[in-house]
Amino acid sequence: MSETKTETAAEREAALGGIGCDKRRKEDARFIRGQGNYIDDIKLPNMVFGDFVRSPYAHARIKSIDAEKAKAVPGVIAVLTAADLKPLNLHWMPTLAGDTQAVLADEKVHFQNQEVAFVIAEDRYAAADGIQLVDVDYEELPVLIDPKKALEDGAPILREDVKDKDEVGQGPRRHPNHIFNWQSGDKDATDKAFAGAQVTVKEEIFYQRVHPAPIETCGCVASMDAVSGRLTLYGTFQAPHVVRTIVSLIAGLPESKIRVISPDVGGGFGNKVGAYPGYVCAIVGSIVLGRPVKWIESRIDNISTTAFARDYHMTGELAADKDGKITGLRANVLADHGAFNTHAQPMKWPAGFFNIVTGSYDVPTAHVTVDGVYTNKAPGGVSYRCSFRVTEAAYLIERMLDVLAQKIGVDKAEIRLRNFIKPEQFPYNSCLGWEYDSGDYPAALKQAMKAVGYEDLRKEQAEKRARGELMGIGIATFTEIVGAGPSRNCDILGIKMFESCEIRVHPTGSATARLGTKSTGQGHETTYAQIIATEIGIPSDLITVEEGDTDTAPYGLGTYGSRTTPVGAAAAARAGRKIREKAKKIAAHMLEVSENDLEWDVDRFTVKGVPDLSATMKDIAMAAYSNLPEGLEHGLEVVDYYDPPNMTYPFGAYICVVDVNRHTGEISVRSFYALDDCGTRINPMIIEGQVHGGLTEAFGIAMGQEIVYDDMGNVLGASFLDYFMPTAVETPHWETDHTVTPSPHHPLGAKGVGESPNVGGVPAFSNAVVDAFAHLGVTHMPMPHAAWRVWQTCHELGIDK
Amino acid sequence: MIPASFEYHRPGSVDEVVSLLAELGEEGRVLAGGHSLIPMMKLRLAEPAHLIDLTGVEGLRGIAEVEGAIHIGAMTTQAEIIKSDALAERCPILREAAELIADPQVRALGTIGGNAANGDPGNDIPAVMMAVDAAYVLRGSDGERTVAARDFYQGPFETALAVGEFLTAIRIPAPPAGQGQAYCKLKRKVGDYAIAATAVTLAVDGGVCGQAAVALTNVGITPLYAEAASTALVGTAVDAAAVEAAVEAAVAITDPAADLRGPVEYRRHAAGVMTRRAIETALARAKGG
């Protein structure tokens, strides 16, 4: 039974490739060879292509649609309009936010590039020719782009379909263009804190409309098998099970007749959580034609129509004592959700977790209001590489800390140290209702300051200022809130936001794990295998991880909001532990001892005090199918559904140093240091990669990304020619670091990291840019900090010559 | 992102191109590297019924010195421009500008002729050609004629090319002794159009500027030859006052559109900053810096 002990425990541990090692990513072997299988790689026999006729207007009535000429194009098979979908009641569909969204424009268009008709053809070329020949007669209507104007009395009513409704899924509303009002905190106590404050500061802070812009755009292939009545839907889904449920609800098919498959997905960042008209039209097309229908977005379609992020018009206020200790916080937000409320957040949270806005600071009282508004822009309001609305919250509080520091003349690191939640206060209950699980903020900031030589940088800055040069130092000491979420407060369509893992250990000592999450590039096949390897003692190389097929994977809510590690990895760890429990019973039988006499030893159970007497997991796996104690079922497989008891709260301390060219407004990022604490680190190399990616996206957002609309509602710059996507040349060098403060409630102590760098990165850049002008009395500068905007500040200050 | 249908032609000689163009008239477009035309076709902003691919045409590619002048075939790629040490020696601004065009993949296919003849005010080569006083060799059914780069551009995507004509070569006169050249481009990122860019050539002899040419990219509906700015430098010591006068004269003729690269005021200011930088750089190079 026991094998010759040729390896030490440490050697056996290394052979597992488990938690904590820099294991190369399993999936990269196929990605770097071009062997990935993305949505547009899916080709089915007899497949046809669909694409949209899109509105050139932002707000217009559709007087007529004439598709006859399009239908005459050789290769064009059908043209679907709202009138065709109406008898099926599919011309509108429910959104994840309780609103409804037009699948194909029904009488009116509400934003430029809205889907008006769906042309299905034998190939993409014929579809494109057909689109050009669909004749739509529009009557233009007044356009609303500014959410403030949208709420004025007498403003044009955008959503005539809901104009008489008191609510559109998220509570009472007060204007036909109003979606919801959401509040958090104690208004009276906060008013009192401000009334009695020694110091108050207030700043208007706009977080511009941006887009996740994953490298692969959205798309799907719908294939209805008329004989079996089964629908197979391949698509770029971050949450395949949720898509299956939505399709079942919308199409009226039982879920057992729907198979949703997310193949390899080229980035999501929140863009691929929701359901889009393209999916519905492809499904309808396949049902009607009996042929598979493919729909793939172009880049312009992606940026201008499927889920955007931010567009938060925020007003931040802090009350403090004369030393800068915060005594109260107010935040008022006008949230522009565009034409339909299609944010993708837990349904009880119309503004996501924006009330994490007290950040890493011990704020005694706060009050937050968020009003959602319709405008003639693309619908959405998703979380782009962040937990729900946390980037907005972190941006506001990190900016406001700097504003307060400048007001009272205290250093921007010092203001943070004075206000941090102290290590001994954890678990910490914030005044807005969150229980922070763990953290050590002062240690992180001090380590960061030491690493960058903070005091010397400030000295250098003073010298440069004396010479008329501009240098800025930006600090962000952010707290994320991830891992949605506990069933008591998080659900989507009523389904609680648990996560799941099934493990099957096979007779010869390998295993297959299936999970309800879905990697969009984060390396789940590697990290899950590492976790399970450590838990069950089978090498991670022998553990195959599968996600994204609803026919095989257990139900899960998907990957977004950094929930894979906090929720999915917990399910994986617990499933592994269940395997080990059964394995222990089998080992006791094999070794003819009591379970109580066994102890776990890396990859085997050993009889206490008799180290030579052991049963390896490999042997136990075979025994599970061949040599079982009486009363135990054959096989070695389990499934675990994990309902997290709390969120996790990763945090970090980032310091960015910039030089500003006052003649051109160009910003040069001289250095960027990022310390992240995500609790237990599963694969440090993957964490570093995640941080690099998140910081690069943060750089893009802070320095150039913005979806701009003109007064007519024309979307400007919805291609990479104009929408700022940094290349390796522009991207700064990243210096990464970490501390480890495990989560006390997570089975592994892990917290999630993928989104932290975006949450903390943006304010670090922005704070650095503003800091360069702080000595000239500047307290805030609007993002993105494109050269022309920075120059405008220089010009107003008269320092650009 | 699917172009409308078109007929594809791949002639082997200049004469064949000429007769195809004569036959097809306005329905025919020549295709060089394709990095401007094909994206326009994918957006269906351009829908030529016939594409005449110049890739296989003999004699349109290469760099040669002819009686002191530099002759460059229209189908010479940006990568080939960058690679040529001889060209960099004789006329370094070409390599400097080509390295600022798009990215290596695009430069491997994008051609100097396409960039020059397309008529996009955002293209970099036209201002450079104005600064070096190049002549464009045009071929049509009536034979060959040359047009100065400074006279070639008439409006956005409107040039002196007549229907039935195409650009076969660019001729650059021998740069005078003691000439310094510079192309300075302000842009948001690799591959982007200029916020503003300026090409300058100037020659100094005995401390006095004997020749100067200033031309601007992407700050008007066409590339701009800044004649007054050029004149403002000639005969001076290119001192601070002369530079200031030239910058002012250059900025005065700019008329950029506001776009995501910045509002009008900023782009005009940036044109001034780039002009100053290009003059100062060219001067330093003229002096052997």
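Trainee: How many salt bridges does the count give over all chains?

Mentor: This is a predicted model, in which local features need pLDDT of at least 70 and side-chain atom pairs count only at pLDDT 80 or more, while totals for chains, interfaces and linings use all residues. Residues are numbered from 1 along each chain as its sequence is written, chains are lettered from A and ligands numbered from 1 in the order in which they are written, and side-chain values use heavy atoms, with hydrogens and water left out. With a salt bridge taken as a side-chain nitrogen of Lys or Arg within 4 Å of a carboxyl oxygen of Asp or Glu, the count over all chains is 75.

Trainee: How many residues apart in sequence are the parts that Arg230(A) and Asp551(A) tie together?

Mentor: The side chains of Arg230(A) and Asp551(A) meet in a salt bridge at 3.2 Å, N to O. Arg230(A) belongs to strand β12 (residues 230-235) of chain A, whereas Asp551(A) sits in the loop between β26 (543-547) and α16 (564-591) of chain A, so the parts tied together are apart in sequence by 321 residues. Here helices (H or I, at least four residues) and strands (E, at least two) are DSSP runs, numbered from the N terminus.

Trainee: In the salt bridge between Glu460(A) and Lys464(A), is Lys464(A) buried or exposed?

Mentor: These two side chains, Glu460(A) and Lys464(A), meet at 3.6 Å, N to O, and being 4 residues apart in helix α14 (residues 454-466) of chain A, they are separated by about one helical turn. Buried means under 20% relative accessible area, exposed over 50% and partly exposed in between, with a 1.4 Å probe and protein chains only. Glu460(A), at 25%, is partly exposed, whereas Lys464(A), at 12% relative accessibility, counts as buried.

Trainee: Which strand gives the largest share of the negative patch?

Mentor: Patches are made of residues with over 30% relative accessible area and no salt bridge, like charges being joined within 9 Å and nonpolar side chains (Val, Leu, Ile, Met, Phe, Trp, Tyr) within 5 Å. Asp66(A), Asp135(A), Asp137(A) and Glu139(A) gather in such a patch of negative charge on the surface, where Asp137(A) is partly exposed at a relative accessible area of 37%. The largest share, 3 residues, comes from strand β8 (residues 135-140) of chain A.

Trainee: What accessible area do the residues of the nonpolar patch have together?

Mentor: One of its residues, Leu43(B), is found in the loop between α2 (37-42) and β3 (50-53) of chain B, and at 40% relative accessibility Leu43(B) counts as partly exposed. Accessible areas come from the Shrake-Rupley method with a 1.4 Å probe, and for residues only the protein chains shown count as cover. Together, Met1(B), Leu43(B) and Leu45(B) have an accessible area of about 320 Å².

Conventions:
Lys and Arg count as positive and Asp and Glu as negative; His and the chain ends are not counted. The place of a charge is taken as NZ of Lys, CZ of Arg, CG of Asp or CD of Glu.
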